[in-house]
Amino acid sequence: MRETRALNLAELKASLGSGNPSGEVGVFVHGYNTSYPEAVFRMAQIATDLRFEGRLILFSWPSFAQVPAYVADRESANYSRDYLERLLDDVARTPGVSKVHLAAHSMGNWLAAETVRQARLRASSPFVAKLHEMVLMSPDVDVDVFRTQLDAIGKLRLPITLLVSADDTALKVSERLAGDVSRVGNLEISDERLKEFDRVHKVRVIDLSKVDSP
């Protein structure tokens, strides 16, 4: 059973506006097969590595946190689009918040990109004007689907940053579960499709294939 917890907007605003001189808020969207504790740990690790000084929010969509539940997780991510957009809008409306950074991992990239896509098409979501950096890490997204998302998202304030790794073992598993359809996150840096994303959409691609880290 999927569960979406309601946010206490007053507490959210108090947290974001208090002691946050930078006015920056980072929202992290976890990926497939990820429990809530794992998502919290990953967000904390990323924030520490980046030395992020603003406020952090974890958007924890209801993953089943099981490898065989790939399709179920995909449906859960789809189910969560409007909730993520609502959260981003609430953050953007909070006094004192000047920049919203959006980062996602694995299947969470589909959710993040799809949310920004639908917000751009609606042209009425306040968070779009404050969206600063969008970082997509190891996207578990069909290449052709990603291209259509980029077409709808269009030009943002800063180029979208895309982190890929051709030797990502988790994405190789996802690729098999998805019917052997290429995933954006495990394309070779020399792949013409990545070059097209850079050329047409000004996506900044970073290759992590040679990074010796788990």
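User: Which residues of helix 7 meet helix 9?

Analyst: This is a predicted model, so read every contact as computed from predicted coordinates. To read a helix contact, list the residues on each side. Helix 7 contributes Val143, Phe146, Arg147, Leu150 and Asp151. On the side of helix 9, the residues are Arg193, Glu196, Phe197 and His201. Sorted by class, the contact of helix 7 with helix 9 has four nonpolar, one polar and four charged residues.

User: How are the axes of helix 7 and helix 9 placed?

Analyst: Take the distance and the angle together. The axes of helix 7 (residues 143-153) and helix 9 (residues 192-201) come within 11 Å, with a crossing of roughly 5°. Angles under 35 degrees count as roughly parallel, and helix 7 and helix 9 are therefore roughly parallel to each other.

User: Helix 7 also crosses helix 5. What is the angle there, and is the crossing left-handed or right-handed?

Analyst: The axes of helix 5 and helix 7 cross at roughly 35° and come within 8 Å. The crossing is left-handed. From helix 5, the contact takes Trp110, Ala113, Glu114, Val116, Arg117, Arg120 and Leu121. From helix 7, it takes Val145, Gln149, Ala152 and Ile153. The class count for this contact of helix 5 with helix 7 is seven nonpolar, one polar and three charged.

User: Helix 5 meets helix 4 as well. Are helix 4 and helix 5 roughly parallel or roughly perpendicular?

Analyst: Start from the angle again. Helix 4 (residues 81-93) and helix 5 (residues 108-122) have axes that come within 9 Å and cross at roughly 70°. The range for roughly perpendicular is 65 to 115, and helix 4 and helix 5 are therefore roughly perpendicular to each other. Helix 4 passes helix 5 in a right-handed crossing.

User: Which residues make the contact between helix 4 and helix 5?

Analyst: Arg81, Asp82, Leu84, Glu85 and Leu88 belong to helix 4. Their partners in helix 5 are Trp110, Leu111, Ala112, Glu114, Thr115, Gln118, Ala119 and Arg122. By class, the contact of helix 4 with helix 5 divides into six nonpolar, two polar and five charged residues.

User: How many bridges join strand 3 and strand 4?

Analyst: Strand 3 (residues 99-105) pairs with strand 4 (residues 131-137) in the parallel sense over five bridges. For one of the pairs, Ala104 has Leu136 in strand 4 as its bridge partner.

User: What does the secondary structure of the whole protein come to?

Analyst: The protein has nine helices and six strands. Its radius of gyration is 17 Å, close to the 17 Å that the globule rule gives for 214 residues, so the protein is as compact as a globular protein of that length. Along the principal axes, its C-alpha atoms fill a box of roughly 45 × 40 × 35 Å.

Notes. Residues numbered from 1 in each chain as written. Predicted model: local features only at pLDDT ≥ 70, side-chain atom pairs only at ≥ 80, totals over all residues. Heavy atoms only, no water. Axes fitted to C-alpha atoms, helices over the stretch in contact; angles between N-to-C directions. Helix = DSSP H or I, 4+ residues; strand = E, 2+ residues; numbered from the N terminus. Parallel < 35°, antiparallel > 145°, perpendicular 65-115°, else oblique. Left-handed = near helix turned anticlockwise from the far one by under 90°. Contact = heavy atoms within 4.5 Å. Nonpolar A, V, L, I, M, F, W, Y, C, P; charged D, E, K, R; others polar. Pairing = 2+ DSSP bridges. Rg over C-alpha atoms; globule rule 2.2 N^0.38 Å.
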